[in-house]
Each structure stands twice: as structure tokens, then as C-alpha cells.
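Here's a quick briefing on a ligand site and a pocket. Have the model open while you read.

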Amino acid sequence: MKNLIKRLPRPYSPHNDNTIKLSAFAHLRETLNMSFKEQIQQGIPTELPSPKQYDSSINHAPKRKDILSVEEKKLALRNALRYFDVKHHTTLLPEFKNELETYGRIYMYRLRPEYEMYARPISEYPGKCEQAKAIQLMIQNNLDYAVAQHPHELITYGGNGAVFQNWAQYLLTMKYLSQMTEEQTLVMYSGHPQGLFPSHKDAPRVVVTNGMMIPNYSKQDDWEKFNALGVTQYGQMTAGSYMYIGPQGIVHGTTITLLNGFRKINKATKGGLFVTSGLGGMSGAQPKAGNIAGCVTVCAEVNKKATETRHSQGWVDEVISDLDELSSRVKEAIANKKTVSIAYDGNVVDVWEKFDKDNVYIDLGSDQTSLHNPWAGGYYPVGLTYEESNEMMVSNPEAFKAEVQKSLVRQAEAINKHTAKGTYFFDYGNAFLLEASRAGADVLDTKNPMREFRYPSYVQDIMGPMCFDYGFGPFRWVCTSGNPEDLQKTDKIACEVLEEMKKTSPPEIQQQMTDNIQWIKGAQENKLVVGSQARILYADAEGRMKIATAFNDAISKGKIGLVVLGRDHHDVSGTDSPYRETSNIYDGSQFTADMAIQNVIGDSFRGATWVSIHNGGGVGWGEVINGGFGMVIDGSKDAQRRLESMLYWDVNNGISRRSWARNNEAVFAIKRAMKKNPMLQVTLPNFVDDELINKM
Ligand SMILES: NC(=O)c1ccc[n+]([C@@H]2O[C@H](COP(=O)([O-])OP(=O)(O)OC[C@H]3O[C@@H](n4cnc5c(N)ncnc54)[C@H](O)[C@@H]3O)[C@@H](O)[C@H]2O)c1
């Protein structure tokens with residue numbers, strides 16, 4: 001109650017008439033008397049809450065492009081108002097119009113709940129089934145202020161990765177979840193809860209689609225337009241699927257990438273230099289991963305707020321604003337083989353150019369600006385201040401686009417100079433090479449028909465052949481009790497399972513087993529939890545099933561509470577993305593999305609608690625289809641049956657496709673899987689002699 005009173009909204013200016021004041025205060029009085037559970041159960045309140053003042057202490061989404069015509073704006077307002085009783089329309093219309101004009105979207109700020117947003121223990125959620133309560137927990141985690149990038153705009157990460165389009169959708173969804181039984185399924189259309197439909201116990205409790213467009217309407221501006229109209233959203237990967245676990249997932253993925261990257265160039269991480277950019281939602285994990293791997297990391301960031309956040313969280317050790325100082329600090333750290341991460345407070349292009357001029361040798365180089373969203377705040381061009389860019393992208397989008405493209409060309413030129421000296425540069429799945437090539441930068445591979453760009457993506461060289469093709473990917477779990485001791489117990493269980501498996505694992509996957517055992521042993525010490533009590537590690541199908549089975553057993557014995565199993569969409573089978581997850585597929589099928597669609601369909605009838613399929617995560621709207629699942633295990637026999645059936649398919653589907661694409665590692669993995677389970681029969685490729693083909 002105290003918290004609630006402290007957070008009372010301040011008086012609001014433009015539309016404050018007496019009616020609003022009276023009804024708002026009536027609502028407030030009512031809310032103050034309501035428990036958290038009752039507030040969830042009420043959904044959209046019958047009396048409107050008082051308007052909220054824009055809180056500038058919070059990180060907000062940039063103003064979106066003014067893309068709608070006058071008639072389309074009317075449509076967007078009509079669309080927004082359909083969530084509300086007609087008696088509220090005259091009050092809400094000017095407010096929503098103002099939001100649309102000021103921010104380019106209608107977020108319905110007024111509806112943002114008063115209670116604190118975080119993943120509570122599952123017992124604190126209202127509901128008729130544990131599965132639906134667990135989903136409420138996962139949704140709140142994605143909107144937790146400590147977790148989400150723009151919490152008031154319901155954006156979890158990546159600049160536009162939305163959980164919902166507006167607060168009415170949030171309220172309504174939570175209400176449905178609090179009402180649903182095990183005989184119903186909630187249908188989510190891009191953040192909008194279509195409703196509860198009768199189904200059955202083994203069906204998913206929630207089916208999520210995000211940004212599913214008719215293919216010809218899947219360009220960047222289509223997202224701007226249809227999102228502004230309120231009919232679709234960019235769900236990213238784990239934002240709109242309620243499976244984000246804070247930066248831990250990306251810390252792990254980046255650590256694995258860096259370790260394997262240094263192995264690839266035969267260089268020890270100690271005394272090695274990694275240069276990159278971005279201290280945002282995902283990119284902010286890079287310096288921490290660099291520290292875990294043991295190298296020197298330089299990460300440039302133009303947004304001071306993002307730098308301050310990561311520095312205050314201890315995710316980056318030092319902040320330097322002067323290029324000369326940066327150069328000498330880095331040289332000294334390399335010479336002394338220090339493990340240190342340094343944020344450069346400025347543009348990454350300046351760092352690449354300065355290090356070239358000063359002959360600072362870079363071992364590994366990458367980039368993690370948000371180039372999946374290049375024209376609306378994902379990439380800040382060199383030569384403009386952060387503020388100037390933010391202003392220009394709205395007032396003169398065409399000129400801004402030109403600046404971005406000029407900057408990308410300059411960045412690529414500087415990178416090319418470094419790679420000529422020996423730097424290993426990789427695209428980090430943020431569409432850097434794609435956008436740089438579109439800008440006319442010299443990044444195309446003219447010699448190798450198998451590769452479009454002169455630099456590999458991290459999946460082509462590292463993650464694909466070393467992890468995904470063997471079935472290793474980002475398995476994760478959340479302890480729904482919220483008790484850190486449960487997480488500790490699950491860490492121990494997972495470690496024991498992996499150590500046991502490692503004894504008989506073939507040499508091909510020993511390195512992955514070792515890396516992940518080391519990771520899980522250090523996980524508690526590295527204090528990776530932000531938000532829910534969650535853990536990630538890379539495991540193959542067998543590892544995931546064995547770990548999940550051991551958890552289910554521990555739950556049935558009352559040793560731990562219920563667990564949510566899941567994974568990042570960025571995995572073996574979940575994502576079709578020709579410039580990222582499937583960039584190491586070379587049979588032409590990297591431009592198809594059958595695997596991701598098959599995966600989500602297959603997961604849904606094999607026992608997933610919720611499934612999701614999205615257009616646009618990671619590399620951009622129209623560039624990728626990605627899907628995922630969540631599965632609540634409760635120690636029951638039903639849970640055991642479901643986890644065995646679904647996890648097996650969820651990994652082997654992708655391995656079979658990778659094997660059909662003639663990836664040797666995947667052929668090895670699928671043959672091994674078939675040997676263990678005669679029910680699995682996969683079509684294997686025949687390899688054609690290159691000489692025969694070339695003679696043609
Ligand atoms: N490879 C992977 O596994 C993986 C995982 C997650 C995200 N990504 C991709 O990485 C990108 C970043 O994700 P995010 O969640 O961190 O996004 P974000 O928008 O939160 O962070 C990007 C940061 O880059 C900064 N920036 C932009 N231009 C800059 C410049 N020229 N110089 C210095 N800083 C600049 C921005 O200020 C921002 O803070 C996205 O495109 C995302 O899709 C890749």
C-alpha cells in the first residue's frame with residue numbers, strides 16, 4: 001500500500017476537467033483498496049484511472065515516424081478506442097490523438113497499472129491453472145523496469161521488441177490468463193488478445209503470433225504503418241513471446257561466441273582485444289561476456305543513459321570519453337594481459353578509425369548497433385550528436401537515412417583496413433553487413449559464390465558449425481517460486497546431468513559440454529540474474545531432455561517448485577534467418593521459412609504450454625521468421641510425457657534440416673539421433689562429387 005501511495009500520479013495538464021478528476025479519483029480509491037490479484041482480475045477498469053505524467057527519468061522509445069495519412073490516423077484512433085466503453089471515448093480521444101502525434105504510437109499510458117512490475121512468485125498470481133499463472137509471471141518479467149528497455153512503451157529489448165502494443169492489451173491479457181482453465185487456449189494476435197477458445201488439457205494454453213504479414217507487406221515502413229494503426233507489432237524473439245530472461249541469455253551466447261572466436265583464430269583470450277559497439281538491451285552484455293572470456297573489450301555507445309546503466313550495473317568496468325586516453329589505456333591493458341571492459345562514450349566509427357591510426361591491433365571485431373532498425377534510432381551516424389540524430393530522424397528522415405548510409409560506408413572502410421592487418425571481423429546478427437552493403441559499402445564477397453559478404457556472420461563460422469548443427473542451443477528455465485535457492489538447486493542438478501553425459505559424449509561435442517559445465521559452475525558467482533530466477537545454458541536434445549527430466553523428478557519430490565522450460569528463438573530449429581541463424585545453410589533454402597513454421601506447429605501438438613511465431617526478430621521486419629515455446633513442468637507424469645515428446649522434436653527438426661542442407665556436423669548429429677531412436681527416420685542427403693558438377 002505504501003508503495004502505491006508513493007507512486008500516485010501527479011496532476012495532469014491538458015485534459016483535466018472535473019469529470020475526469022472525479023472518476024479518476026474514484027478509480028484511484030478503488031485501486032488502493034484492491035489487492036494485486038483483484039487488480040489483475042479486473043482487466044480494463046470500468047472507471048478510467050487518472051492520466052499519467054510522462055516520466056522522463058525512464059528510458060523511453062524514440063518518437064516514431066509520422067507515417068499515417070489523416071484518414072489512417074482516424075483509423076488508428078478508432079482501433080484504439082474499441083477497447084473502451086463508449087462513455088470514455090470523448091475523454092480518451094484527445095489523449096490518444098495527442099499520443100499518436102507526439103510519439104507516433106498510441107501506448108495508452110493512462111492505463112499503465114499502479115502496482116510494481118516484476119515477476120512475482122507464482123503463488124501471488126490469480127488463476128484457475130498453474131500454467132496460466134506461470135505465463136503471467138513471464139509477462140511481468142518482460143515488463144520489469146530492471147529488465148525492459150522502454151518499459152512504459154511495453155518494449156523489452158532491441159528498440160522495438162514489444163510485449164504488447166498498448167496497456168489495454170496488457171490488462172486484458174492478464175485478465176484472460178487469470179480466468180482461463182486447462183480446457184481453454186488464449187489466442188494472441190500481435191499483442192491483441194483475441195480471446196479464450198475452448199480446447200483441451202494437452203493443447204497450448206496460449207498461441208502467440210507477432211507481425212505475421214502478407215509477405216508483400218513486410219518492409220520496414222509497413223511495420224511503421226501497421227504498428228501505428230495498432231494492428232501488428234514487432235515481437236522480436238523473446239519479447240512478444242514472454243521468454244526474455246534479462247541480459248543473461250545474451251551474456252551466455254556472447255561468451256560462447258567469444259571463446260570459440262578466439263579458438264578459431266588460435267589466440268588466447270588473455271591479452272586479446274575485442275572491439276564492438278552498443279550497450280543497449282542485448283549489446284550491453286558484450287563487455288560482461290568479454291570479462292568472463294578473459295579478454296580486453298572496447299564497446300562504443302552513443303547514448304549516455306545506456307552507458308551509465310551498464311556501468312552502474314557493473315556490466316562494464318570503465319568509461320572513457322577521450323579517444324587518446326582510450327587508445328593508451330587499451331595498449332596498456334593488452335600489454336599487461338588484463339581482463340577489462342571499457343565503454344567508449346561516443347561513436348564506434350571514431351574508435352575503428354582511431355585504432356587504425358594509432359596501430360592498435362584488434363583480434364576480434366564486431367558490431368551490435370540495432371541495424372535491424374536502421375532509420376528509427378537503431379544506428380547513430382558518426383558526425384552527429386545523439387540529440388541531433390534523434391531530432392533529424394523525425395524532422396528529416398530522408399537526410400537522416402543518407403547520414404546513416406554515409407556512416408556505414410565509413411565504418412566498413414575502417415574495418416576493412418583492420419582486417420587487412422589480420423583482424424577477424426564477424427557480423428553479430430544485427431544486419432550490419434546487410435545494411436552496409438545496401439549503403440554501398442565495400443563488404444560484398446565477389447569471389448566466393450557460397451558467401452554473400454566478405455566477412456562471415458558469427459553463425460556461419462562459429463555458432464552454426466560448432467553449436468546449432470550438433471543441436472546445441474540456448475535452453476533455459478525459470479524457477480517460478482522466485483526463490484534463489486531453487487535456482488541454485490537446479491544449477492546443481494543441470495551440472496550433474498551434464499557431467500554424467502560428458503563421460504560418454506563423442507569427441508565432436510566434448511568442447512561444448514566442457515564450456516557449458518564451466519558456465520553453470522560459475523553462474524552463481526557471476527550474478528547473472530536480473531528479473532526472474534532464470535538460467536540458460538547450451539545443450540543438445542539429449543541434454544535438454546535429461547535436465548528437464550531431472551527437474552521434473554525434483555519437483556515431484558517437493559525439492560523445488562514448478563519450473564518453466566524454454567529457449568531463445570535464436571536456436572537450432574526455431575529461426576529461419578538467412579543472415580543469422582540459418583546463414584550457414586548453403587543449399588538455397590536459407591531464404592525459406594518452412595523449418596520455423598514446422599517447428600512451432602510441431603511444438604504445439606507435442607505439449608508446449610505456449611507457442612509463438614514471429615516475423616522480424618533480430619535482423620529486421622521481413623528478414624526472419626522465428627518461433628519458440630514455453631513449457632511448465634509440475635512433476636507430473638503428463639509433464640514428463642510432454643517434455644520428452646516436445647523437446648526431442650524441437651531440436652531434431654532443425655538438425656534434420658541442417659543435415660539435408662549437407663552440413664556435415666548435422667549429418668553426424670542426426671545419424672546419432674536415429675541410431676538411438678528407431679522411431680526417427682530422416683531423409684539423408686547424397687553428396688555430389690564437385691568434379692562431376694564442375695565438368696558440366
Ligand atoms: N547475435 C545475437 O545473438 C544477437 C542477440 C540479440 C540482439 N542482436 C542484435 O544486436 C542488435 C542490438 O541489440 P540491442 O538489444 O542491444 O539493441 P539496443 O537498441 O538496445 O542497443 C543498441 C545500442 O547501440 C547504440 N548505437 C547505435 N549506433 C551507434 C553507433 N554508431 N556508435 C555507438 N553506439 C551506437 C545505441 O545507442 C544502442 O544503445 C540488434 O540488431 C539485435 O537484433 C543480436
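Start with the side chain of glutamate 301: one of its N or O atoms sits 2.6 Å from an oxygen atom of the ligand. Keep in mind that this is a predicted model.

**Ligand contacts**
- Tyrosine 380 uses its backbone: a polar atom there is 2.8 Å from a nitrogen atom of the ligand.
- Tyrosine 458 uses its side chain, with an N or O atom 3.1 Å from a nitrogen atom of the ligand.
- On its own the ligand has 850 Å² of accessible area, and the protein covers 95% of that.

**The shell around the ligand**
- There are 31 residues around the ligand, and the ones that come nearest are Ser283, Glu301, His372, Tyr428 and Gly618.
- Sorted by class, this shell has 19 polar, 10 nonpolar and 2 charged residues.

**The second largest pocket**
- This pocket holds about 840 Å³ of space.
- It is lined by 40 residues, with Ser218, Lys219, Trp621, Gly622 and Glu623 closest to its centre.

- At least two lining residues come from each of helix H8 (220-228), helix H14 (374-378), helix H15 (386-395), helix H16 (397-421) and helix H17 (432-438).
- H16 gives the largest share of the lining, 4 residues.

Note on methods. Residues numbered from 1 in each chain as written. Predicted model: local features only at pLDDT ≥ 70, side-chain atom pairs only at ≥ 80, totals over all residues. Heavy atoms only, no water. Near = heavy atom within 4 Å. Polar contact = N/O pair within 3.5 Å; in protein donor to acceptor, adjacent residues only side chain to side chain. Areas by Shrake-Rupley, 256 points an atom, 1.4 Å probe, with all protein chains shown as cover. Nonpolar A, V, L, I, M, F, W, Y, C, P; charged D, E, K, R; others polar. 1 Å grid on protein atoms, 1.4 Å probe; cavity = no way out; pocket = protein on both sides within 12 Å on 5 of 7 lines; lining within 4 Å. Points joined across faces, edges and corners; volume = space filled by probe spheres on them.
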